[in-house]
Each structure stands twice: as structure tokens, then as C-alpha cells.
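Please keep the viewer open as you read.

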Amino acid sequence: MTRIWTPDSNALAPYRQAQQQAYKAVHTIADALQPGMNEHDTALLLRDWLRGHQLHDAARAPRVRFFGESAARSPFGLKRQGKRRYRPGMIYQLQCDSVLNGHAARALLTGSTLDCALQTRLDDERQALLQALNDGQQLPSFIADRQDGVQRNLRQRLVPVTGTLPDGLPVSGSPLLPGLWQIQLVLRQGHLRAGFSELLVVDSDGARWLDPQLTHAVPVWSNGQAA
């Protein structure tokens, strides 16, 4: 058995479709955000969208977080997770898993109606991460090397997929074990947050995003409303 994983296009296709549907879900709910909606009810909207498209798995509950600039305590427990209510200018973070016939993919969408400075860095971060992997750099060193005042939380998970599996240890110099990976990166700077979660293929040709056309852009806003 070869030590280099050979991806099967037929095996990757449902993961690509699941990922596209997951991002369609979070973009749809982001477009529908209104002042006064709380985290719990917004997560239920995500769940219902996934259910309606037969993509929901009860073990993979959607998550919604709203982040404000002020850390002051609000009355009646409205700062508790799940109870925080959305208002224009807050950072929203929507996360869900789309499960298509057992093939799971995660989407993470962040945005704000006012300050998107950190959000605009996501495309550069995606490309820098990809370049680092193809240069043979380890993910922890990639994070450690980026000393710019931005905190980075990086998670990676190997996704089970058919094909020629790697035999034993990774090839010398390889940044990740060859395979299909769910990569999640969240940037934090003060109260600001921006992030994405995306499927990455690592094989004998190097590392590449499963869907290079995937967009992490936030909705266009006008006067506090989604256009």
C-alpha cells in the first residue's frame, strides 16, 4: 500500500456538496438576522433550515454567538450564552454541520454590520495557511510565526473518506497526514472575531481547499438591515 493518499473524486464529491449546503445555511440565517433575536432562537432557525433540507444530525447541534463591545453586565441575565440578543454592530458567529448521507462538513460564518476589519483578513489568512502547508510548515509554527497582535485559534480534524489510505507515518516533511481535513481558524482581536471552517485535501500534489470558490463574505448591510 502506498504511503501517499490518493483522493477518490467520487468520494470527495458528497463532502464538497455538504460543505456548500452548510455555508448556504449560515448565509441564509445571517441574511435574516434582525435586532432582538437571541442566540438560542437563531440556532433553532439554523437547525430548522438543516432539517428542512434533510441535512440535520441531532448529535451536531448548530451554535450561535453574539459578541458586543461592552463587557458590562446586562439586567435579567441577558448576557448569558443563548440569551444574548442581537443588535446592529455586534459580531455574530454562526456554526453548523451539514450531514449528507453520512458525509459531514462544518461551516463557520462571522460578520458585523459596522466593523469588518478583521473579517477582510480571512482570505489572506486562508491563502497564507495553504502556502505554509505546501512549504512544509507545521500548523503550530504557522500560528506562532504570525506575531501581529491577533490571536488565532486553529483546530484540525481528519475526516474519514474512501481512497488509498496512508500507510504508517506521514511522508517526511509533510505538514499533515495525507487525507481530508476539517480546518477551523478563528481570529480574535479585542472584542472582534472572524473565522471560517473548511475542508482541506492533502495528497501527493500538496494541500488544497476542497472548494476553492467557497465564500466567507458577510451579507451587504444598509441602515442596519441586510440588503
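The paragraphs below go from the whole chain to a sheet, its helices and then the side chains.

Before anything else, please bear in mind that this is a predicted model. The protein chain holds four helices and eleven strands. It has 227 residues, 45% of which count as buried. The accessible surface of the chain is about 11,500 Å², and carbon and sulfur atoms own 49% of that. If you take the contacts with a separation of 6 or more, 67% of them come from residues 24 or more positions apart.

Now find the open sheet of four strands, whose order is S5-S7-S8-S9 with antiparallel pairing. Which strands stand at the edges? They are S5, residues 151-159, and S9, residues 206-209. Each has a single partner strand, so one side of each is left without a neighbour in the sheet. On average, neighbouring strands here are turned by 30° against each other, with direction ignored. As a reminder, strands of a sheet pair through backbone hydrogen bonds, either parallel or antiparallel.

Let us look at two of these pairings. Strand S7 covers residues 179-189 and strand S8 residues 192-203, and eleven bridges hold them in an antiparallel arrangement. Within this pairing, Ile183 has Glu198 of S8 opposite to it. Two helices pack on the sheet as well. Helix H1, residues 9-32, touches S5, S7 and S8, and its direction makes about 170° with that of S8. Helix H3, residues 122-134, touches S5, S7, S8 and S9, and its direction makes about 160° with that of S9.

Moving along to the other pairing, S8 and S9 run antiparallel and are joined by four bridges. The two strands form a hairpin, with two residues between them.

How many aromatic pairs does a search of the whole structure find? There are three. Such a pair is described by the distance of the centres and the angle of the planes. In the case of Phe66 and Tyr86, the ring centres are 5.2 Å apart and the planes meet at 55°, so the pair is tilted. Phe66 sits in strand S2, residues 63-67, while Tyr86 is in the loop between S2 and strand S3, residues 91-100; the pair thus links distant parts of the chain, 20 residues apart. Together with Tyr92, Phe66 and Tyr86 form one aromatic cluster.

Phe196 belongs to strand S8 and Trp209 to strand S9, so the pair ties together parts that are 13 residues apart in sequence. Phe196 is buried, with a relative accessible area of 0%, and Trp209 counts as buried at 5% relative accessibility.

One last stop brings in a charged side chain. Arg193 lies over the face of Phe67, at 3.9 Å from the centre of the ring.

Methods. Residues numbered from 1 in each chain as written. Predicted model: local features only at pLDDT ≥ 70, side-chain atom pairs only at ≥ 80, totals over all residues. Heavy atoms only, no water. Buried < 20%, exposed > 50% of the residue type's maximum accessible area, 1.4 Å probe, protein only. Contact = heavy atoms within 4.5 Å. Areas by Shrake-Rupley, 256 points an atom, 1.4 Å probe, with all protein chains shown as cover. Pairing = 2+ DSSP bridges. Axes fitted to C-alpha atoms, helices over the stretch in contact; angles between N-to-C directions. Phe/Tyr/Trp six-rings, centres within 6.5 Å; stacked < 30°, edge-to-face > 60°. Lys NZ or Arg CZ within 6 Å of the ring centre and 35° of its normal.
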